[in-house]
Amino acid sequence: MQPYELTVAEAAEAVRTRTVSPVELVNSALERIARVQPRLRAFTAVTADRARATARQAETELAEGIHRGPLHGIPAGLKDLIDVAGLPTTASSRVRNGHRAQTDSTVAARLASAGTALVGKTHTHEFAYGLTTPQTVNAWHPERVAGGSSGGSAVAVAAGAAAFALGTDTGGSIRVPAALNGVVGLKPTYGLVPRHGVTSLAWSLDHVGPLTRTVEDAALVLAALVGHEPRDPASTPAPAVDYRPGPGTDLTGLRVGVPGNYYFDHVDPEVEAAVRRAIGRLEELGARLVDVEIPMTRYIRATQWGLMVPEATAYHERTLREVPDLYGTDVRVLLEAGELLSAGDYLRAQRARTLMRQAWQDMLEAVDLIAAPTVPLTAVNVGRTSVTWGDGSVESVPEAYVRLSAPANLTGVPSLSVPVGLDAAGLPIGMQLMGRPFGEAALLRAGHAYERTGTALGPPPEPAA
Amino acid sequence: MSASDLTPPEAARWAARSGLPLAPDRHAEVAATADHIHAVVSLLRELDFGDAPPAAAYRVEGEPYDAAV
């Protein structure tokens, strides 16, 4: 096994016991990047010198007995919406030509403080306003979409080019690419991870979170990110919780809600079967399955659009007027059309969210978490624009990808996507576990227990040399 | 096209009122996209909101701003 193949937990243990050095870890990741980047294009920039310098520093510190914790010397990627002092934050957009961040975002500063070695910035769908990340290629199939908008982060982690990466999630942008590339993605509770210094898509829906190869790794990274940040108005104090799941797999007493509506409607049969098998596995581990009905589903899309569209347009107000031609065509027209939405529409969406949040709170009193597909279909071929469901209805690919993930953004509840198998084409399938606000520990415990039953997908196939 | 849909010239005029002058070759595409968004979002008019306030939240202490896209 090469060092780049180690999970965060394995690498941390290897560093702690001095069986692998941070320099070896980082060099292995950089060699892996050199090998996969021409094929997968996950990174906007590779920061090799910076990573090596951090690794050497970590090695010196460890030799002096200074151990910063489980992320010390671990190679990581950051979605290129996340500011790192001295580096451009490109947002994968020509609009950002010449940009250079003056200061670290809160999450970049916290990871640096934890000793993480930044190996590169990863591609996003332009300004996070899309679900495919067209610059990047799916880690499992060269002709399939990476998913988005944190496509570069998901592909980098799946391919072993980073032990973990951060992404952002406004309607599903961590969980969608995580599902499509067979990795774990965690959208934390709204406000739990600070967004200061992270380019916004829609303030009231934006979240930052980890993409990892295991649930345990997601817990380790989350622990380094939480804590109140006064420069993010939504930021909350870190709960007094140990996120790292224990070794046990007994889920006795855990109440798992299984939706009777919405989450299994218009879902590919292979995806549904894999997720229901995974839910059955949770039951075998002791969980009690409880039927739940998802409230207000008729208004999910309307509320998501009513919030996201005007907020995104507001964020880009100045540049849309100054340099409109520098935006990609798909993003530009959404930003322009967003100017024509009324304040009344926006307020209705805000009020609908109030009702939805309350209704979800009521629903979540009866269960500890809800299990459902992350996305209704696996990674589509690049260029495919729509999907036709069994009843003849047609849905655009972005609408399909965001449909099942958006409710957790509207309600702010945490959602963890875990791989639950492959379809007949060899493409990964994801299941999401959604919990109560600040209920991350329950999701991580259940996801980890599920994973411990031997469900890991392993690495994506390598192309023939 | 429904009665409430914007024609391309109307979309251009509304955009201009928002301070966004649109080149003529943008009018039709922006009108079509705006109409689609409007159709989706208008569904919320079915809801009886009662006394429900908007979910937008802020902290009274305030916070410093970070600028520049």
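This is a predicted model: local features need pLDDT of at least 70, side-chain atom pairs count only at pLDDT 80 or more; totals for chains, interfaces and linings use all residues.
**Figure 1. How does the radius of gyration of chain A, with 465 residues, agree with that of a compact globule?**
A compact globule with 465 residues would have a radius of gyration near 23 Å, and chain A has 21 Å, so the two agree. Along the principal axes, the C-alpha atoms of chain A fill a box of roughly 60 × 60 × 50 Å. Of the 465 residues in chain A, 60% count as buried. Take the contacts between residues at least 6 apart in sequence: 77% of them join residues at least 24 apart. As for scores, the model has ipTM 0.93 and pTM 0.97.

**Figure 2. A span of chain A is listed in UniProt as "domain: Amidase".**
The listing covers residues 24-444 of chain A and comes from an unreviewed entry. Within this span, 37% is helix and 16% is strand.

**Figure 3. The largest nonpolar core has 163 residues.**
In soluble globular proteins, nonpolar side chains tend to be buried together. Here, the core members that touch the most other members are A:Ala76, A:Val119, A:Ala162, A:Leu369 and A:Ala446. Zoom in on A:Ala446 and, leaving out residues up to four places away in sequence, you will find that it touches A:Leu251, A:Leu254, A:Leu282, A:Leu369 and A:Leu433.

**Figure 4. A:Ala156 sits in helix 5 of chain A.**
Is A:Ala156 buried or exposed? A:Ala156 is buried, because 37 other C-beta atoms lie within 10 Å. Apart from neighbours within four places in sequence, its contacts include A:Ala42, A:Phe43, A:Gly77 and A:Thr122. A:Ala161, A:Ala162 and A:Ala165 are also in contact with A:Ala156. Look for A:Ala139 as well: this residue is 17 residues from A:Ala156 along the chain, and their C-alpha atoms are separated by 8.1 Å.

**Figure 5. A cis peptide bond joins A:Gly148 and A:Ser149.**
Most peptide bonds are trans. At this bond, omega is about 10°. To find the spot, look for A:Ser149 in the loop between strand 3 (117-122) and helix 5 (151-158) of chain A.

**Figure 6. A:Tyr262 and A:Met296 are residues with positive phi.**
Most residues other than glycine have a negative phi. A:Tyr262, which is not a glycine, has a positive phi of about 70°. This residue is in the loop between strand 7 (255-259) and helix 8 (269-284) of chain A. With 19 other C-beta atoms within 10 Å, A:Tyr262 is partly exposed. For A:Met296, phi is near 55°. A:Met296 is found in the loop between strand 8 (288-292) and helix 9 (300-315) of chain A. A:Met296 counts as buried because it has 20 C-beta neighbours inside 10 Å.

**Figure 7. Chain A and chain B meet in a contact that takes 39 residues from chain A and 31 residues from chain B.**
On the chain B side, helix 1 (8-17) and helix 2 (27-41) each supply at least two of the touching residues. The largest share, seven residues, comes from helix 2 of chain B. The side of chain B that touches chain A divides into 23 nonpolar, two polar and six charged residues. Chain B averages a pLDDT of 86, and 80% of the residues score at least 70.

Terms used:
Residues are numbered from 1 along each chain as its sequence is written. Chains are lettered from A and ligands numbered from 1 in the order in which they are written. The radius of gyration is taken over C-alpha atoms; the globule rule is 2.2 Å times the number of residues to the power 0.38. A residue is buried if 20 or more other C-beta atoms lie within 10 Å of its own, exposed if 12 or fewer, and partly exposed in between; C-beta atoms are placed from the backbone. Two residues are in contact if their C-beta atoms, placed from the backbone, lie within 7 Å. Helices (H or I, at least four residues) and strands (E, at least two) are DSSP runs, numbered from the N terminus. Ala, Val, Leu, Ile, Met, Phe, Trp, Tyr, Cys and Pro count as nonpolar, Asp, Glu, Lys and Arg as charged, and the others, Gly among them, as polar. UniProt positions are given in the numbering used here, feature names are shortened, and annotations may be inferred rather than shown by experiment. A nonpolar core is a set of buried Ala, Val, Leu, Ile, Met, Phe, Trp, Tyr and Cys residues joined through C-beta atoms within 7 Å. pLDDT is the predictor's confidence in each residue, from 0 to 100.
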